[in-house]
Amino acid sequence: MASDSRKRVAVVGAGVCGLAAARHLADPAWGFDFTLFEMTDSVGGTWVYTDKTGTDEYGLPIHSSMYKSLRTNLPKEAMMFPDFPHTKQGVSYMSSHEILQYLDAYADHFNVRPHIKFRHYVKEVRPEGTGWRLLVQDVKAGKDHSYLFDAVIIGNGHNSKPRYARVNGIEHFKGRLFHSHNYREPTPFRGQRVLIIGAGPSGIDMGFDLAAVTDTVAVSHHTDYATKLGFPPNVILKPDVDRVLEDGKVLFKDGSLMEFDVISFCTGYVYTYPFLSKECGITVDNNYVSPLYNSAININHPTMAFLGIFKITPLFYMTDLQVRYFLKTLLQPELLPSKDMMLKEHRMEERTFKESGVRKSDYHNLGERTPAYIKKICKAAGLTPMPEILLRIFFHGYEKIFSDFKNFRNNFYRIIDEDNFTVVDLREITAKPVEHVHNSPSCHCGTIDGTREIY
């Protein structure tokens, strides 16, 4: 442990979550010492594009799932840290390269790089005494090192290990099986017959991309929005796959048959923490990480935090709030209830999900619960909540992904004041009124006038 009163904190991963943690840990006002371990040679996590797939030169799995043409599917106004606004003006939807530039600038502005050990792969995290023992490999030197910390923050992300749908008879498929994690650009698929399984954001993007280079693209889905997305004519919408027949043809639930050269799984990712020892007391069941208090703090060992496990929430701002909440509990453990009380609250939440028919894989989908969650952790730690107008922009932008996919990235969100904003179609000259976001909490579209932006 540290020789003085300063607690030593380990951070795993230098993506959005790890950088948010590092930004506050680097602030001397908090009074922490820390080290961030990053297995690649740069900050940015999944936002770091690489042509490579599979493993890197050190035999480690390629972390990034970024493809060349990616632009954000949320407006930048909902993708920023609270104390570091984007400098680019006039647009809301940015390229992946611009987001990476933003993260690089954030790391430099808050001087976190001196605390990062690049090309250091965390092999094991386990509790030891009142602290944490980390076994870390310096991958360049090929040597393992052991470290002892008072607390540990897990920020390795959850968009790197592919998740595959179960397809009966898949062993009979005679073509190539593929996951969107390894998708980089459409050219290698030119002229091939491609089946995309899944109509989430990556499946939709891939469908549009591939339609430009091949005549046959089928998207297998069970959504209520895919028919409204305006796919090109050569994209065929199909129901779920029933099975692959012995001759390699694909049978769909509607009884139709098609032949393909490639099946691409756009079916999401698996939450994985291979470095956690069983003594950490954390389980991952169907992408549900448990037991966590307020979806962040390990109930069995409250000096361990997990950042950014939520989906359908403004991740940048949310992660910053979670970091500060956790650091407050490290300095003031009395902010947390007893272990028994935390477990009781945790089980009640699980029971509510189950009784409401929520799938376990969706327990971390925050969505409309975002405002209540923010209010809860901010009240507990004395933090200022995320401005409501930014939450409204997030929900408005998220809804547009599925209701106006062909056009939503042309929208520019202009903030008028703390209560009002306009949405400008960049292809048009005049602004259009903000549309009401149905099923969105805290959405009350105000009057729209003036043009002043708050940043």
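How far is the sulfur of C280 from the closest cysteine sulfur, and in which residue does that sulfur lie? The points below concern a predicted model and begin with this matter.

1. Cysteines. The closest cysteine sulfur to that of C280 belongs to C17 and lies 18 Å away, which is too far for a bond. For C17 itself, the closest cysteine sulfur is that of C378, at 16 Å, again too far for a bond. A disulfide would require the two sulfur atoms to be within 2.5 Å, and the count of disulfides in the model is 0.

2. Nonpolar cores. The largest nonpolar core comprises 98 residues, and the members touching the most others are L25, F81, L103, I153, L210 and L327. Helix α4, which spans residues 315-331, supplies the largest share of this core, namely 9 residues. Apart from this core there is another of 23 residues, including I154, Y273, I282 and M304.

3. Contacts of L103. When residues up to four places away in sequence are set aside, L103 touches V16, L19, V43, G44, W47, F81 and F316. Of these partners, F81 is also named among the core members that touch the most others.

4. Residue D205. Helix α3, covering residues 201-211, contains D205. Is D205 buried or exposed? Its relative accessible area is 12%, and D205 therefore counts as buried, the limit for that class being under 20%. Beyond its neighbours within four places in sequence, D205 is in contact with Y67, F405 and R409.

5. Residue P385. The loop between α6 (370-381) and α7 (388-403) holds P385. With a relative accessible area of 41%, P385 is partly exposed. Residues up to four places away in sequence aside, P385 touches Y317, I374 and C378. The pair P385 and Y317 is separated by 68 residues in sequence, while their C-alpha atoms are 9.5 Å apart in space.

6. The β4-β5 hairpin. Strand β4 (residues 120-128) and strand β5 (residues 131-138) run antiparallel and are joined by 8 bridges. Across this pairing, R126 stands opposite R133 of β5. The two strands form a hairpin with 2 residues between them, and G129 in the turn has a positive phi of about 65°.

Notes
Residues numbered from 1 in each chain as written. Predicted model: local features only at pLDDT ≥ 70, side-chain atom pairs only at ≥ 80, totals over all residues. Heavy atoms only, no water. Core = buried A, V, L, I, M, F, W, Y, C linked by side-chain atoms within 4.5 Å. Buried < 20%, exposed > 50% of the residue type's maximum accessible area, 1.4 Å probe, protein only. Helix = DSSP H or I, 4+ residues; strand = E, 2+ residues; numbered from the N terminus. Contact = heavy atoms within 4.5 Å. Pairing = 2+ DSSP bridges.
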